[in-house]
Amino acid sequence: MTPHFNQSIHKDTLMAEPALSIRGLTKVYGNGFEALKGVDLDVEQGDFFALLGPNGAGKSTTLGIVCSLVQKTAGQVKIFGIDIDKDFAKAKYHLGVVPQEFNFSQFEKVEDIILTQAGYYGMSMKEAKPRSDRLLKDLGLWDKRGGAARMLSGGMKRRLMIARALIHRPKLLILDEPTAGVDIELRRSMWEYMRRINREEGTSIILTTHYLEEAESLCRNIAIINRGEIVKNTSMRELLTELDTEAFLLDLEAPIETLPALDGFELERVDAQQLALSVRKGTSLNDAFEQLSAQGIKVLSMRNRSNRLEELFVNMTSEPDTASDIDSATSTSAKETAS
Amino acid sequence: MNHRQLLISLWTMVVKEIRRFMRIWPQTLVPPSITMTMYFIIFGNLIGSRVGEMHGISYMSYIVPGLIMMSVITNSYSNVASSFFSNKFQRSVEEMMVSPMPNWVILGGFVIGGAARGLGVGLIVTLVSFFFTDFSLHHPLLTLSVVIMTALLFSIAGFINALLAKKFDDISIIPIFVLTPLTYLGGVFYSIDLLPDFWQSIAMANPILYMVNAFRYGILGISDIPVAGALVAIAAFIVVFWSLALWMLNRGKGIRS
């Protein structure tokens with residue numbers, strides 16, 4: 001069997017080393033904006049890791065530094081134990097990057113884009129071609145391989161970037177909002193593909209996304225970054241247990257005129273035939289159903305109201321002083337109007 | 001990267017660059033050929049027949065080396081300037097930046113690609129010139145050395161321009177306001193012997209004059225300036241520009257935030 005490209009590079013990878021280790025990472029842009037304020041982060045080998053944060057929180061800056069697209073101000077970044085300040089070229093062999101924005105020549109042929117990337121990693125055509133064929137087929141781009149990239153749909157362009165990132169068999173794949181603007185069906189097939197390469201090939205994956213459902217579904221560990229600082233870094237399971245209430249939507253058999261009163265539960269009328277029920281952890285749902293039943297209300301179906309992670313995310317990244325700022329601004333404005 | 005991987009990555013860069021200008025050949029190869037044909041017809045045939053000889057050579061033959069060199073200079077420069085800036089604009093430069101390719105391979109790939117277009121257009125113009133005049137090479141090796149070095153030099157210059165450029169206008173300013181005047185005043189159409197002393201001294205400060213004359217010496221065996229000095233000057237410029245471009249690339253000028 002032909003030895004895989006990158007095999008020799010992986011040989012010297014220390015198994016104990018994290019796939020990515022970041023210490024004290026800071027970035028101050030030329031205009032004085034401090035995008036990162038001493039970020040510490042570890043992503044273990046084989047992990048499926050979510051890096052979440054609102055726009056401008058520092059996600060892309062962090063990943064940009066890891067991929068050498070952004071110059072750091074201070075701090076240390078190690079990829080599989082290799083310090084990027086000492087041997088960035090060697091560290092880059094382990095990295096595959098799928099950026100947020102399309103960053104390929106729109107005029108090149110789909111297959112040429114992938115094979116050219118292979119060439120940048122020093123892969124011979126003999127090795128790159130079968131690998132490229134496999135990726136094109138796996139990602140549903142085979143029929144489009146001879147066409148110009150600009151002719152692809154948005155979802156296909158995203159898959160092209162995934163194929164390109166995987167051509168050299170990276171051990172750490174960085175996916176910066178890979179499913180933005182992709183329809184649900186395609187998004188789920190991309191999830192399945194990512195799960196497969198994580199599970200079967202052991203590829204460590206770092207994912208940033210605004211679809212929190214995506215992070216909850218795919219990732220085992222999570223870090224939340226806000227204003228250039230990591231505000232949470234834990235396992236997904238651990239994080240979700242921090243929620244002490246859950247909300248459900250109840251679809252009713254018949255419309256109701258008024259909101260029924262339930263002891264020990266918060267209830268909200270969404271519309272005539274739908275109620276939102278908030279339940280504290282450890283509370284039996286049976287009580288709620290019994291009370292509804294006693295009032296002649298029959299529940300046909302029930303589902304989670306919103307993504308649980310989304311609630312936590314909003315709590316952690318919301319600005320603490322916003323309310324008071326708004327209050328003071330309102331009162332100032334009111335005074336000015338009065339005078 | 002080991003030597004084999006470095007070679008593969010450099011080859012990939014060069015092939016990508018050549019594929020780019022070949023894909024858009026009606027924009028890259030045809031227009032300069034048509035422009036030069038016009039020069040041959042108007043300056044060489046129509047006006048040239050009234051000009052007579054220059055340094056004992058027909059005017060048509062005299063301007064051929066200059067016109068070939070002019071094509072090489074402008075096409076080498078504009079190829080790299082527009083190609084690298086397009087890569088910046090479309091962000092496909094990130095494909096190279098995330099890879100383990102050293103910066104000298106990236107620079108080398110663009111420069112060789114640009115030189116390939118410059119030399120390709122130069123070859124087309126040479127073939128076109130055979131419809132208007134005959135000439136043989138007096139010093140083939142010198143001719144080849146000068147034209148290759150000039151193509152490399154202006155490719156590197158185009159790369160620096162693209163690195164610094166922030167918008168498409170920025171890659172046309174130098175060719176229009178610097179390169180074209182220097183080329184026209186660089187002895188393409190006349191011998192500097194025709195100029196008054198003062199203007200001769202000014203013309204001697206034009207680096208393109210040395211390239212055109214060294215190339216003309218290689219083809220026709222005549223030159224306004226010492227050829228050895230010209231070769232040394234071109235080589236020195238290559239070293240300085242290459243070092244500057246590589247330094248800028250290493251610093252991430254214009255491509256890293």
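This is a predicted model: local features need pLDDT of at least 70, side-chain atom pairs count only at pLDDT 80 or more; totals for chains, interfaces and linings use all residues.
Good morning. I shall begin with chain A as a whole. Its secondary structure amounts to 12 helices and 14 strands. Chain A has 339 residues, of which 38% count as buried. Turning to its contacts, if we take those with a sequence separation of 6 or more, 70% are between residues 24 or more positions apart.

Chain A is divided into two parts, domain 1, covering 7-240, and domain 2, covering 243-306. Taken over C-alpha atoms, the centres of domain 1 and domain 2 of chain A are separated by 42 Å.

Let me now turn to the interface. How many residues of chain A are in contact with chain B? There are 26, and they meet 23 residues of chain B. On the chain A side, the elements that give two or more residues are helix 3 (84-92), strand 6 (95-98) and helix 4 (110-120). Helix 4 of chain A provides the largest share of that side, with 4 residues. By class, the side of chain A that touches chain B consists of 14 nonpolar, 10 polar and 2 charged residues.

Helix 4 of chain A also packs within its own chain. For helix 4 and helix 5 (residues 125-138) of chain A, the axes come within 10 Å and cross at roughly 135 degrees. That angle makes helix 4 of chain A oblique to helix 5 of chain A. The crossing of helix 4 past helix 5 of chain A is right-handed. From helix 4 of chain A, the residues in this contact are A:Glu111, A:Ile114, A:Leu115 and A:Ala118, and they meet A:Ala128, A:Ser132, A:Leu135 and A:Leu136 of helix 5. The classes here are 6 nonpolar, 1 polar and 1 charged.

Two of them concern backbone geometry, and for context, most residues other than glycine have a negative phi. A:Ser68, although not a glycine, has a positive phi of about 75 degrees. A:Ser68 sits in the loop between helix 2 (59-66) and strand 4 (74-79) of chain A. Is A:Ser68 buried or exposed? A:Ser68 counts as buried, because 23 C-beta neighbours lie inside 10 Å.

A:Arg227 likewise is not a glycine and has a positive phi, of about 50 degrees. Its loop runs between strand 9 (221-226) and strand 10 (229-235) of chain A. A:Arg227 has 16 C-beta neighbours inside 10 Å and therefore counts as partly exposed.

A:Gly264 counts as exposed, because it has 11 C-beta neighbours inside 10 Å. Which residues does A:Gly264 contact, leaving aside its neighbours within four places in sequence? These are A:Thr283 and A:Asp287. From C-alpha to C-alpha, A:Gly264 is 8.4 Å from A:Ala288, although the two are 24 residues apart in sequence.

I come finally to chain B and two helix pairs.

In the second pair, the axes of helix 7 (residues 140-164) and helix 11 (residues 227-251) of chain B come within 9 Å and cross at roughly 30 degrees. Helix 7 of chain B is therefore roughly parallel to helix 11 of chain B. Helix 7 passes helix 11 of chain B in a left-handed crossing. Among the residues that helix 7 of chain B gives to this contact are B:Leu152, B:Ile156 and B:Phe159, and helix 11 contributes residues including B:Phe241 and B:Trp242. This contact divides into 17 nonpolar residues, 1 polar and no charged.

Thank you for your attention.

Terms used: Residues are numbered from 1 along each chain as its sequence is written. Chains are lettered from A and ligands numbered from 1 in the order in which they are written. Two residues are in contact if their C-beta atoms, placed from the backbone, lie within 7 Å. Ala, Val, Leu, Ile, Met, Phe, Trp, Tyr, Cys and Pro count as nonpolar, Asp, Glu, Lys and Arg as charged, and the others, Gly among them, as polar. Axes are lines fitted to C-alpha atoms, for helices over the stretch in contact, and angles run from 0 to 180 degrees between N-to-C directions. Angles under 35 degrees count as roughly parallel, over 145 as roughly antiparallel, 65 to 115 as roughly perpendicular and the rest as oblique. A crossing is left-handed if the near helix is turned anticlockwise from the far one by less than a right angle, and right-handed if clockwise. Domain bounds come from an automatic or database domain assignment. A residue is buried if 20 or more other C-beta atoms lie within 10 Å of its own, exposed if 12 or fewer, and partly exposed in between; C-beta atoms are placed from the backbone.
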